[in-house]
Amino acid sequence: MVERVIATDTALQLIDKLKYIHGPLMFHQSGGCCDGSSPMCYPRDEFRTGESDVLLGKIGDTPFYMSKDQYEYWKHTQLIIDVVDGRGGMFSLEGPEGKRFLTRSRVFTEEERKELAL
């Protein structure tokens with residue numbers, strides 16, 4: 001099965017650590033001006049999604065959303081969530097850990113696109 005969003009082992013380890021500290025989490029791919037286009041990690045109960053958001057999948061049993069408008073630009077790519085050293089989005093939970101989540105991507109193959117029915 002083709003997944004629209006996956007995470008590196010390093011990202012999954014940080015997600016587990018953050019879940020231990022904060023409880024259930026969720027991600028929303030930022031498209032805003034303040035944090036660029038970083039994947040933002042929030043406590044699951046503190047960020048509301050709605051009809052303008054698309055659930056891309058789960059990483060580390062954590063839902064990952066993106067706005068519909070942004071999805072139209074990214075729907076041909078698989079998002080690969082990774083972690084790098086440094087401070088990222090000021091509203092994202094990983095900041096105090098001295099790490100930041102980072103979105104990498106790759107274009108789906110023709111076979112994958114058919115499976116996803118793009």
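Mentor: Buried means under 20% relative accessible area. Keep that cut-off in hand; this is a predicted model.

Trainee: Why does serine 38 count as buried?

Mentor: Its relative accessibility is 13%. The limit is under 20%, so serine 38 counts as buried.

Trainee: Where is the place of serine 38?

Mentor: In a loop. Strand S2 (25–29) lies on one side of that loop and strand S3 (39–43) on the other.

Trainee: What makes His28 a residue that serine 38 touches?

Mentor: Contact means heavy atoms within 4.5 Å. Serine 38 touches His28, and also Gln29 and Ser30. Residues up to four places away in sequence are not counted there.

Trainee: How many helices and strands does the protein have?

Mentor: Three helices and seven strands. From the N terminus the order is β-α-β-β-β-β-α-β-β-α.

Trainee: What percentage of the 118 residues is buried?

Mentor: Buried residues make up 42%. The accessible surface comes to about 6,900 Å², with 49% belonging to carbon and sulfur atoms.

Trainee: How far apart do the centres of the positive and negative side chains lie?

Mentor: They lie 1 Å apart, with 15 positive and 19 negative side chains in the two sets.

Notes. Residues numbered from 1 in each chain as written. Predicted model: local features only at pLDDT ≥ 70, side-chain atom pairs only at ≥ 80, totals over all residues. Heavy atoms only, no water. Helix = DSSP H or I, 4+ residues; strand = E, 2+ residues; numbered from the N terminus. Buried < 20%, exposed > 50% of the residue type's maximum accessible area, 1.4 Å probe, protein only. Areas by Shrake-Rupley, 256 points an atom, 1.4 Å probe, with all protein chains shown as cover. Lys, Arg positive; Asp, Glu negative; His and termini not counted. Charge placed at Lys NZ, Arg CZ, Asp CG, Glu CD.
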